[in-house]
Amino acid sequence: MSAAPQSRAIERPPARAYPAPIGTPAPPRRRRARAATLVTRWRRFWFAPAPPFPLALCRSLFFAWLLLAVAPEVRARDWADVPRAFWMPTHLFAALRLDVAPAAVLALVDALWSAALALSCVGLWTRASTTAALALGLYVLGLPQCFGKIDHFSGLLLLVLLVLAVARCGDACSLDAWRARRKRHAVPWSGEYRWPIELVRVAMVLVFFAAGVAKLRFGGLAWLHPSNMAAILVSPH
Amino acid sequence: MRAARTAPVAVDGDHWPFSSYPMFAKPREPVVRLKRLYGVTERGEVPLVAARHVAPFHEARLMTAFKRIARRPDAAARTAAALRGVLSRYDELRAAGAHDGPALDGIRLYMLTWRRDPEARNREQPSGRELLAEVLR
């Protein structure tokens, strides 16, 4: 005769907090904490204190490049005598009612823009000079775009000019800072020196993102085929 | 600003200084079609190089301009006006010594076609040539 089965106590592991299945909404407290973390990361990305020097160096290099490499190639004066039949203003020029000024005025605009770029580069009267560089740059860079075709490099330049015009980019590595240093101590770190750099970075990323989206929209995966790449290179020649 | 930068991606097109950057996005077709300008001389036609003969235009800007003009309701009249403008610009730059091109009696705008060659060996021999517009003195 077999013995009655002996009841055995089942040993259970101690209760553990397993992760909730995917898709299960997090408890409100955890959601709030997660949101707070995202907000903190977002703020840290844009506004974590940074030294003034990197932004000032970017300002100096950017304006030097505009002055020495871009301004000699993009002269508003060249467009004074172009036939009127080619005048097709961009939306911005049409909205601002900007037109082709007489040759003498355009030559003056070119000279003033170069002066504003030089002052912005060395950081003298930085706020005023970067604002002038933006206003004049809008016209000098925008004018050629009103004659048939938009050169895409110029758009990003204008956006960088806008960022630098409103940023505190003259607080270091500038004649303004050199003059101010005689009155006060070193410039403290601030989020004001981080967001302009991050904003330009994001804008540059968006340029390439937009270009990539356009390839997928208009070309699809066929765009990636080597024969298409070769054709893109050969066609203009 | 970021929103404005991304908006053209969604709405499409160029709204300077913003853009959806659509250039080179369409797959290339086996036939290449390009607009080209030729000057008319006593001895025949000579190809014009925009950057040299019609500065400050470069080839892409000038031909895109003609493409955009062709889409307008007053395309024929405006194309003729643009060609007259190109001719006078050519003469101005020639008189100023900016180029050494021959004196022109007129100017013609052609649409040239090529069957695409992987190494562009046929670039001097287009397979088709269609006259789009001309202006003579």
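**Buried area.** I started with the area buried between chain A and chain B, which comes to about 4500 Å², with 69% of it from carbon and sulfur atoms; buried area here is the accessible area (1.4 Å probe) that two parts lose on being put together, summed over both. A:F86, A:M88 and A:H152 give 14% of what chain A buries against chain B, more than any other three residues.

**Ground rules.** I am reading a predicted model, where local features need pLDDT of at least 70, side-chain atom pairs count only at pLDDT 80 or more, and totals for chains, interfaces and linings use all residues. Residues are numbered from 1 along each chain as its sequence is written, and side-chain values use heavy atoms, without hydrogens and water.

**Who touches whom.** I found 56 residues from chain A and 48 residues from chain B in the contact (heavy atoms within 4.5 Å).

**Charges across the interface.** I looked for salt bridges (a side-chain nitrogen of Lys or Arg within 4 Å of a carboxyl oxygen of Asp or Glu) and got one between chain A and chain B. A:D151 pairs with B:R61, their closest N and O atoms 2.5 Å apart.

For A:C58, the nearest cysteine sulfur is that of A:C169, 9.9 Å away. A:C173 has its closest cysteine sulfur in A:C121, at 8.7 Å, which is too far for a bond. I noted A:C58 as partly exposed at 39% relative accessibility, and A:C173 as partly exposed at 37% (buried is under 20% relative accessible area, exposed over 50%, partly exposed in between; 1.4 Å probe, protein chains only).

Definitions and conventions:
Chains are lettered from A and ligands numbered from 1 in the order in which they are written. A disulfide is a pair of cysteine sulfur atoms within 2.5 Å.
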